[in-house]
Amino acid sequence: MRSFLKPLLTIAAMALGMTAAVPLPAWALVELNVNKGNVEPLPIAITDFQGGDALGAEISDIVTADLKRSGLFAPIDKSAFIEKISNPDAQPRFDDWKVINAQALVTGSVGKEADGRIRAQYRLWDTFAGQQMSGEQFFANDANTRRVAHIIADAIYERLTGEKGYFDTRVVFIDESGAKNARKKRLAIMDQDGANVRYLSDGRAIVLTPRFSPNRQEITYMSYESGQPKVYLLQIETGQRELVGNFPGMTFAPRFSPDGQKVIMSLLRDDGNSNIFAMDLRSRSTTRLTNSTAIDTSPSYSPDGSKVVFTSDRGGRAQIYVMGADGSGQTRISFGDGVYSTPVWSPRGDLIAFTKQTGGEFQIGVMKTDGSGERILSSGFQQEGPTWAPNGRVLMFFRDANGGPKLISVDLTGRNEQSIPTSNFASDPAWSPLLE
Amino acid sequence: MGRIAALTRNPVMIALVAMLAITGCASKKTPNSAADLGLNGAGAATPGSAQDFTVNIGDRIFFDTDSSSIRADAQTTLARQAQWLNQYKQYAIVIEGHADERGTREYNLALGARRAAATRDFLVAKGVSAQRLKTISYGKERPVAVCDDISCWSQNRRAVTTLSGAGS
């Protein structure tokens with residue numbers, strides 16, 4: 001009973017510091033990541049879920065992969081396990097798990113209900129404290145096996161880190177195939193781990209920059225289907241599409257407001273410059289937010305909807321600016337040596353992710369909302385377009401190398417970079433919010 | 001009609017060839033500029049045809065990095081385009097603006113649009129009716145040169161004047 005629990009508490013404490021209901025000063029997060037970012041991954045044993053034949057092992061594998069990819073956990077190889085779990089509801093022999101240094105243990109079971117639904121349950125054990133930390137039960141239809149596994153992974157992640165998980169989420173992106181000078185681009189959606197890819201457009205028209213609505217039911221994106229590039233809305237389940245607004249010129253770079261009531265985007269002016277407009281989806285009224293003889297684009301709302309961060313080259317080269325949601329108080333926040341674009345406000349509200357071009361490289365980085373505390377998380381020859389996981393701890397972006405773009409994730413420490421498996425080239429990822 | 005003869009009758013073409021020799025991509029596989037086509041078939045095109053425009057006038061101009069200023073060499077090309085378009089008024093015109101890949105996607109859509117607008121404005125200033133002119137930006141989505149170096153990027157930073165059918 002001495003401090004065996006400590007490693008668990010270390011992660012929990014770190015996590016609590018980052019998700020505290022009372023906001024900490026923003027520098028605390030940056031300092032934490034700079035100085036304590038090298039968190040030792042927590043050794044965890046995830047046993048095959050009992051029952052359901054192959055299903056039990058499948059769920060266990062998905063949970064294992066999710067936790068491993070987060071960089072915060074080190075799942076122990078099953079071949080090292082000593083105790084064979086036969087009753088996942090009984091207390092395990094903690095000594096058998098301590099000796100292989102499994103500081104946390106997951107047991108579970110899966111089975112079919114009389115009505116055909118799948119029932120899955122898990123228990124999370126603290127082996128050194130010798131007690132159960134959490135346990136939950138889920139029901140789902142057959143088609144949702146992977147989703148149940150992601151939900152269990154989220155529950156474990158949340159219990160051990162004190163932060164919301166992000167595994168039960170999806171990503172919309174552009175699937176790219178064919179030669180570089182004749183690329184076929186299709187809207188596609190998949191789970192955050194690359195599974196369950198579904199196509200949402202046929203590839204006849206160029207489509208770009210899809211983004212989720214807050215309720216995950218719709219995406220807004222840009223398409224060349226009418227000839228002129230325009231912003232559209234798509235209902236994911238029904239496939240119903242509609243044009244957003246009736247503007248004379250190109251509309252592009254759309255994003256939803258946090259309440260889902262508006263789409264903010266760029267509109268091309270006749271003089272060749274681009275300004276930012278917000279359109280109310282119910283009343284169809286539009287509000288002009290910028291009026292500069294410059295390129296103003298890539299707008300992104302703060303999570304409380306009160307501010308907008310965007311790119312502008314009004315000062316000569318592209319830099320990042322922040323303004324009120326009504327267009328007031330437009331202020332430049334990026335002053336580093338380079339060109340800044342694609343700013344995206346963190347769902348936590350504390351950071352802005354961006355693409356920076358400097359010294360022949362494209363970098364993915366974050367800065368505080370006043371532009372201070374810039375940190376580069378990833379550098380490469382050609383990469384851009386970060387999107388936030390809903391817990392604000394992980395970014396996904398696309399990197400063009402070896403003939404075409406692929407999706408990459410990186411956490412806020414910059415130390416855990418992972419590629420997302422896709423069968424074709426892939427670009428413009430946008431991470432879904434969590435369902436509340 | 002031989003190639004030399006065609007070139008000597010067409011001094012602007014020589015200038016174009018010289019310019020492209022400096023900026024051209026060493027590994028290009030297909031003709032992707034007016035001058036390339038001109039070397040292969042100048043003089044064969046019927047005057048006033050779309051081929052005549054592409055081959056003998058030059059359908060595209062190039063830009064400096066992150067710029068939509070019409071360079072001096074491009075002004076020469078556009079002046080010739082305007083003269084031709086004012087002579088053959090049956091064509092509607094779409095100007096495509098493009099960017100190289102060394103910028104982010106949304107910004108480059110805007111940059112391509114600004115290049116197309118600058119090209120349109122230059123042609124209008126040279127007397128081409130604004131009613132005949134439309135613009136579209138492809139950002140960096142339609143590269144013509146696909147190697148990963150400066151010579152390719154310079155060819156992709158372009159505005160292309162396309163004739164969208166006679167009679168409008």
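Mentor: Let us begin with the hand of a crossing: it is left-handed if the near helix is turned anticlockwise from the far one by less than a right angle, and right-handed if it is turned clockwise. Please keep in mind throughout that this is a predicted model.

Trainee: Which hand does the crossing of α5(B) and α6(B) have?

Mentor: The crossing of α5(B) and α6(B) is right-handed. In general, two packed helices are described by the angle between their axes and the distance between the axes. Here helix α5 of chain B, residues 72-87, packs with α6(B) at an angle of about 55°, and their axes are 9 Å apart. Because of that angle, α5(B) is oblique to α6(B).

Trainee: Which residues make the contact of α5(B) with α6(B)?

Mentor: From α5(B) come Leu78(B), Gln81(B), Ala82(B) and Leu85(B), while α6(B) brings Thr119(B), Phe122(B) and Leu123(B). Sorted by class, this contact holds five nonpolar and two polar residues, with no charged ones.

Trainee: How do α3(A) and α5(A) cross in chain A?

Mentor: Helix α3 of chain A, residues 54-69, and helix α5 of chain A, residues 145-161, have axes that come within 9 Å and cross at roughly 45°, which means that α3(A) is oblique to α5(A). The crossing in which α3(A) passes α5(A) is right-handed. Among the residues that make this contact are Leu55(A), Ile59(A) and Ile62(A) of α3(A), together with Val148(A), Ile152(A) and Ile156(A) of α5(A). By class, the residues of the contact of α3(A) with α5(A) divide into eleven nonpolar, two polar and three charged.

Trainee: What does chain B look like when read along its sequence?

Mentor: Chain B has seven helices and four strands, and they follow one another in the pattern α-α-α-α-β-α-β-α-β-α-β. Of its 168 residues, 48% count as buried. If we take the contacts in chain B with a separation of 6 or more, residues 24 or more positions apart account for 67% of them.

Trainee: Is Asn108(B) buried or exposed?

Mentor: The cut-off to remember is that a residue is buried if 20 or more other C-beta atoms lie within 10 Å of its own. Asn108(B), which is placed in helix α6 of chain B, counts as buried because it has 26 C-beta neighbours inside 10 Å. Leaving aside residues up to four places away in sequence, Asn108(B) touches Ala99(B), Gly103(B), Gly139(B) and Lys140(B). The C-alpha atoms of Asn108(B) and Ser69(B) are separated by 15 Å, and these two residues are 39 apart along the chain.

Trainee: How many residues does each chain give to the contact between chain A and chain B?

Mentor: The contact takes 29 residues from chain A and 20 residues from chain B. On the side of chain B that touches chain A, the elements giving two or more residues are α6 and β3 of chain B, and the largest share, ten residues, comes from α6(B). The residues on this side of chain B divide into eleven nonpolar, three polar and six charged.

Trainee: Where in chain A is phi positive in a residue other than glycine?

Mentor: Most residues other than glycine have a negative phi. In Asn196(A), phi is a positive value near 60°, and in Ser298(A) phi is also positive, near 55°. Asn196(A) is found in the loop between β7 and β8 of chain A, and it counts as exposed because it has 12 C-beta neighbours inside 10 Å. Ser298(A) is found in strand β17 of chain A, residues 296-301, and it is buried, with 31 other C-beta atoms within 10 Å.

Trainee: How is chain A divided into domains, and how far apart do their centres lie?

Mentor: The domain assignment of chain A gives domain 1, covering 3-161, and domain 2, covering 171-431. The C-alpha centres of domain 1 of chain A and domain 2 of chain A lie 33 Å apart.

Methods. Residues are numbered from 1 along each chain as its sequence is written. Chains are lettered from A and ligands numbered from 1 in the order in which they are written. This is a predicted model: local features need pLDDT of at least 70, side-chain atom pairs count only at pLDDT 80 or more; totals for chains, interfaces and linings use all residues. Domain bounds come from an automatic or database domain assignment. Two residues are in contact if their C-beta atoms, placed from the backbone, lie within 7 Å. Ala, Val, Leu, Ile, Met, Phe, Trp, Tyr, Cys and Pro count as nonpolar, Asp, Glu, Lys and Arg as charged, and the others, Gly among them, as polar. Axes are lines fitted to C-alpha atoms, for helices over the stretch in contact, and angles run from 0 to 180 degrees between N-to-C directions. Angles under 35 degrees count as roughly parallel, over 145 as roughly antiparallel, 65 to 115 as roughly perpendicular and the rest as oblique.
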